Structures are given as C-alpha cells and as structure tokens.
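Biologist: Can we go through this one together? I'd like to start with a helix and then move to the ligand.

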Amino acid sequence: MTGADTLRMRVLAQEDVIRCGATDPAAVLAAVREAFLLKAAGAAIEPAPATVGLDAAPGQRMVAHAGWLGGPTPVGGVKWICANGDNPRLRGIPRANALVILSDPETGLPRAVVEGTVISAMRTAGATALAATVLARPRSTRLAVIGAGVANRSQLALLRHVLPKLREVRLYDIDAARARQWAADEGARHQVEITPVTSAYQAVRDADVVVCATADSVTGYVEPDWLAPGVFVAGVSHNDLTDAAVLAADRLVTTDAEGTSTAVTRIGRLCGDGRLERSAVDDLGAVVSGAVSGRREPDDRIVFDAWGLGILDLAVADMVLRHAEDRDAGQAVPVRGAPHWR
Ligand SMILES: NC(=O)c1ccc[n+]([C@@H]2O[C@H](COP(=O)([O-])OP(=O)(O)OC[C@H]3O[C@@H](n4cnc5c(N)ncnc54)[C@H](O)[C@@H]3O)[C@@H](O)[C@H]2O)c1
C-alpha cells in the first residue's frame, strides 16, 4: 500500500474465528507445531508477559503476551487476556476473555484484531496435544479430566484428535453441578461416555492421560502414588501436582523450560528452591524437532506443563486470519486515510 491509501485492518468476531478454522483440531495442531519448530530453531521472540494483577476477585488479572514468529512470513502481535475467576459462576461468561492484535512486523501496520477467547483455549490444547503425540502412549484409552471449565473443553477435543482410542473419560470438579453439565455437553459433542466422579483420586488413579485445568492458585493434591505407570499428565493449571509428584516423575517437559522454571508454578518454585535442576526440564520444541527424544520407556510417568506462550496465540490467529482473508470473512475496518503525520 502507499501512504495515500486508506489503511484497513480486519476485525474478526468469535463466529468468524470459528468459521475460519479456530476450532479445527488439525489446523490448530499444525499451527502450534510450526510455532514450536520455529521456537526450537531460534526464530521466535517471546518476552515475559506483562501482568496487571488486580486480585479483587480470584485470579482477577489482565495480561499481555507479546511475541514474534519468524519463518517465510513473520507474524507479530500480542494477546491481551483478562480474567476473573468469578465470571462463570456470577456472570455466566468465560473466566478468561481475550483479544489478539496482529501487526505486520516489517512495517508495523496493524493487520487485525481477532477475538481470542476460543483461540487461547485452542492454542493451549494444541500444545498439550502436540506433547501427547510424542510423550503419551498412543494406545491410551483412559482419560482423567480435572476441572470442568473452558480450557478442558478444548483439551478434550484436541486430545481425542491425537489419541483416538481415548474412550473412558472420568471428570472431577469441586463444583458437581458444573461437572454434570460439562459431561453432558462434551459427551454429546464427542459421542463419548464421560463419568463425573466425586474425587480427583477416582479420576486420576489408573488413567493413561490426566489433564488438570483448575485454578492457578490451587494447592497441590495429585500425589505420586495416584499416577499409574506410563501416564502422561498435562498441567494446564500449574500447581495441581504436589512437589512429591513432580519430583517423582520420570520426565518433565514444558512449553518453555526457561519461562516455566522461573515462573510461579510448581516446577518454577522447585527450581527456585534448588530442589529441581533446570536441566531436568525439557522443552517441547526440542522434543518435537527431534533434538531430544520423546517417550523413552512405556512405563515412564511424564509430566507436561503447558505454560502459556503468546507465540502460540499468534500462530493460531495468523492461521485464522489467512482463512478470513481468503474468504473475505469479518470486517475490513478503516483505520486511517493518509497518515496525519509522517
Ligand atoms: N481458558 C484458557 O484459554 C486457558 C489457557 C491457558 C491456561 N488456562 C488455565 O487453565 C485453568 C482453567 O481455566 P478455565 O478457563 O477453564 O477456568 P474455568 O474457571 O472455566 O474452569 C476451572 C474449573 O476448575 C474447577 N476447580 C477449581 N479448583 C478445583 C480443584 N481443586 N479440583 C477440581 N476442580 C477445581 C472450578 O470449579 C472450575 O469449574 C486456569 O488455571 C487457567 O489459567 C486456561
């Protein structure tokens, strides 16, 4: 474009985002995989998120996850995600609500503002699913889901995509009514039997795959002897396992070993206390790129921490935006005419 053209950016609402691939497991997985490969190759930048902690309600915060992804067509932007743990119960809306802003990294011009709530949940699930392809046992059948929220809706969809033999799903939430509703919704959506149970132990014992998406403030409750040989545990919330359970794991893998080992997570605290070596924590990107091996032994208990990365939001938002441009979805909103100042 020239300086005289009207500058437009695309605005994508939730419905556009869904129409353009945000809930397509294969498309999300491919975008997330590419982002991890770029990260492993050093072609990604992800500064620490900027967090505005409000804390008037549980988990009330506003967080900016900025990032850049290289590759043939670089992507730059930020996810702005604002959360309040009381939202589902008091307002009937998601705990976390997000926007993704994409800019052209070369010119700095805005490309799009994209509704990011679905993208955020899907990119997180994409990371877990990618990890499951290299760290879970492919014949896994029993899944334990802890937390009947938004995050685990996408986790279930993506885990079933990569582990199609998962069919026995047990669900635990401290809110039994929410668990019943979630089981009914997701059971119908995926044509799978989901059994709400009355304790986390009942869900986790002898599960092949465990996914915890509860609250970041939760006190660790998953003990080492709950975890069956060969289990793959995904921590979407980061504190559900006790110190002993993390330390007893045969492998620890995270989306970002550097970020996770310095963050307010179970793994971060254990590294900070000197009880865990940072070098004992592998990066998912290194595993996916083949630099580090995936599952080594069938009986290994592997714990994956899905520390949130903005580059994954950007990768999925960019995939969605490309589809939207192809089919002219959403609105191309004028941002300005000729620049007011040059
Ligand atoms: N939504 C996302 O896109 C996203 C992305 C990355 C990470 N996460 C993380 O995942 C977690 C869940 O997010 P969400 O958006 O699904 O929240 P949510 O509030 O929709 O759901 C969380 C559920 O966990 C339940 N819960 C709380 N403590 C529990 C416990 N001790 N045992 C069992 N259940 C418990 C709550 O009752 C609630 O139903 C948060 O820690 C969040 O930071 C979410």
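Biologist: How many residues does helix 6 have, and how far does it reach?
Modeller: This is a predicted model. In it, helix 6 covers residues 176–190, which is 15 residues. From first C-alpha to last it reaches 21 Å, close to the 21 Å expected at 1.5 Å a residue.

Biologist: Which residues in helix 6 are buried?
Modeller: Ala179, Trp182, Ala183 and Glu186 are buried. Looking down the axis of helix 6, the buried residues fall within an arc of 105°, so they line one face of the helix.

Biologist: And what is on the other side of helix 6?
Modeller: Ala177, Ala184 and Ala188 are there, and they are exposed.

Biologist: What covers the buried residues?
Modeller: The cover includes helix 5 (150–162), strand 9 (168–172) and strand 10 (193–196).

Biologist: What does phi do just after helix 6?
Modeller: Gln191 takes a positive phi there, about 50°.

Biologist: Switching to the ligand. How many residues surround it, and which are the closest?
Modeller: 28 residues surround the ligand, and the closest are Gly147, Gly149, Ala151, Thr214 and Ser237.

Biologist: How does that shell divide into nonpolar, polar and charged?
Modeller: There are 14 nonpolar residues, nine polar and five charged.

Biologist: Which helices supply at least two residues of the shell?
Modeller: Helix 4 (117–135) and helix 5 each do.

Biologist: And which domains does the shell draw on?
Modeller: Domain 1 (7–119 + 310–336) and domain 2 (121–305) each give at least three residues to the shell around the ligand.

Technical notes
Residues numbered from 1 in each chain as written. Predicted model: local features only at pLDDT ≥ 70, side-chain atom pairs only at ≥ 80, totals over all residues. Helix = DSSP H or I, 4+ residues; strand = E, 2+ residues; numbered from the N terminus. Expected span 1.5 Å × (residues − 1). Buried ≥ 20, exposed ≤ 12 C-beta atoms within 10 Å, placed from the backbone. Arc of directions from axis to C-beta. Contact = placed C-beta atoms within 7 Å. Near = placed C-beta within 6 Å. Nonpolar A, V, L, I, M, F, W, Y, C, P; charged D, E, K, R; others polar. Domains from an automatic or database assignment.
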